[in-house]
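Here is a short tour for someone meeting this structure for the first time. Keep the sequence and the 3D view at hand while reading.

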Amino acid sequence: MNILIVDAQGGGIGRQLVTALKQNAPECVITAVGTNSAATAAMLKAGADNAATGENAVVVCSRKADVIIGPIGIVIADSLFGEITPKMAVAIGQSAAKKILIPINHCDNIVVGVSEFNINRLLQEVMEEVRRCC
């Protein structure tokens with residue numbers, strides 16, 4: 001299974017996702033795309049199989065992914081302090097891949113009705129969903 005992880009800013013969430021997936025689903029091929037080089041480097045250092053940076057990488061990799069994982073902002077244009085371009089949000093949204101979106105409530109995008117779990121609990125939920133996908 002081809003998993004695409006998209007992250008922005010410092011890539012902290014993406015780094016934790018790569019680490020957890022390598023431990024829990026080692027058979028998956030993980031492609032990490034950062035909106036900037038710092039995010040990409042963090043995910044690559046965590047063990048991503050492939051890595052790239054920027055808008056075009058998000059567009060191209062979204063076409064090839066079976067599953068796309070990232071904070072919910074990856075499908076909202078201009079989110080994550082402007083790092084998600086409209087083209088990125090559309091590419092992810094229109095991808096045939098299953099999307100596993102993490103409800104991180106910041107950057108002026110709030111998801112109501114979702115419990116405020118810490119990042120470790122959210123990552124556990126992501127791993128459970130990935131297991132269901134396999």
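Beyond its neighbours within four places in sequence, serine 62 is in contact with Leu4, Ile68, Ala91, Ile92 and Ser95. Serine 62 lies in helix H3, which covers residues 55–64. With a relative accessible area of 1%, serine 62 counts as buried. The model is a predicted one.

The table lists the bridges that join each pair.

| Strand pair | Bridges | Sense |
|---|---|---|
| E2 and E3 (residues 50–53) | four bridges | parallel |
| E1 (residues 2–7) and E2 | six bridges | parallel |
| E1 and E4 | three bridges | parallel |
| E4 and E5 | five bridges | parallel |

Individual residues mark these pairings. Threonine 31 stands opposite asparagine 50 in E3. Isoleucine 5 has alanine 32 in E2 as its bridge partner. Leucine 4 stands opposite isoleucine 68 in E4. Two positions tie into E5: valine 67 has lysine 98 as its bridge partner, and isoleucine 69 stands opposite isoleucine 100.

Are the residues of E4 buried or exposed? Five of the five residues of E4 are buried, and the strand is mostly covered. Strand E2 spans residues 29–34. Five of its six residues are buried, so E2 is largely enclosed by the rest of the structure.

## Helices against the sheet

H2 holds threonine 40. This residue is buried, with a relative accessible area of 8%. Leaving aside neighbours within four places in sequence, threonine 40 is in contact with Val33, Gly34, Ala51, Ala52 and Thr53. Threonine 40 and arginine 15 are 25 residues apart in sequence. In space, their C-alpha atoms are 8.8 Å apart.

## The nonpolar cores

Which residues touch the most other members of the largest nonpolar core? They are Ile5, Leu17, Leu21 and Ile69, in a core of 23 residues. Several elements each supply at least two residues of this core: E1, H1, E2, strand E4 (67–71), strand E5 (98–102) and helix H6 (119–133).

Not counting residues up to four places away in sequence, isoleucine 69 touches Ile3, Leu4, Ile5, Val6, Leu17, Leu21, Ile74, Ile100, Ile102, Val126 and Val130. A second core is separate and has 16 residues, including Leu4, Val33, Ala65 and Ala89.

## The cysteines

How many disulfides are there? The count comes to zero. Consider cysteine 61. The closest cysteine sulfur to its own is in cysteine 28, 16 Å away, which is too far for a bond. A disulfide would need the two sulfur atoms within 2.5 Å.

Both residues lie under the 20% cut-off for burial. Cysteine 28 is buried, with a relative accessible area of 3%. Cysteine 61 is buried as well, with a relative accessible area of 18%.

Methods:
Residues numbered from 1 in each chain as written. Predicted model: local features only at pLDDT ≥ 70, side-chain atom pairs only at ≥ 80, totals over all residues. Heavy atoms only, no water. Buried < 20%, exposed > 50% of the residue type's maximum accessible area, 1.4 Å probe, protein only. Pairing = 2+ DSSP bridges. Core = buried A, V, L, I, M, F, W, Y, C linked by side-chain atoms within 4.5 Å. Contact = heavy atoms within 4.5 Å.
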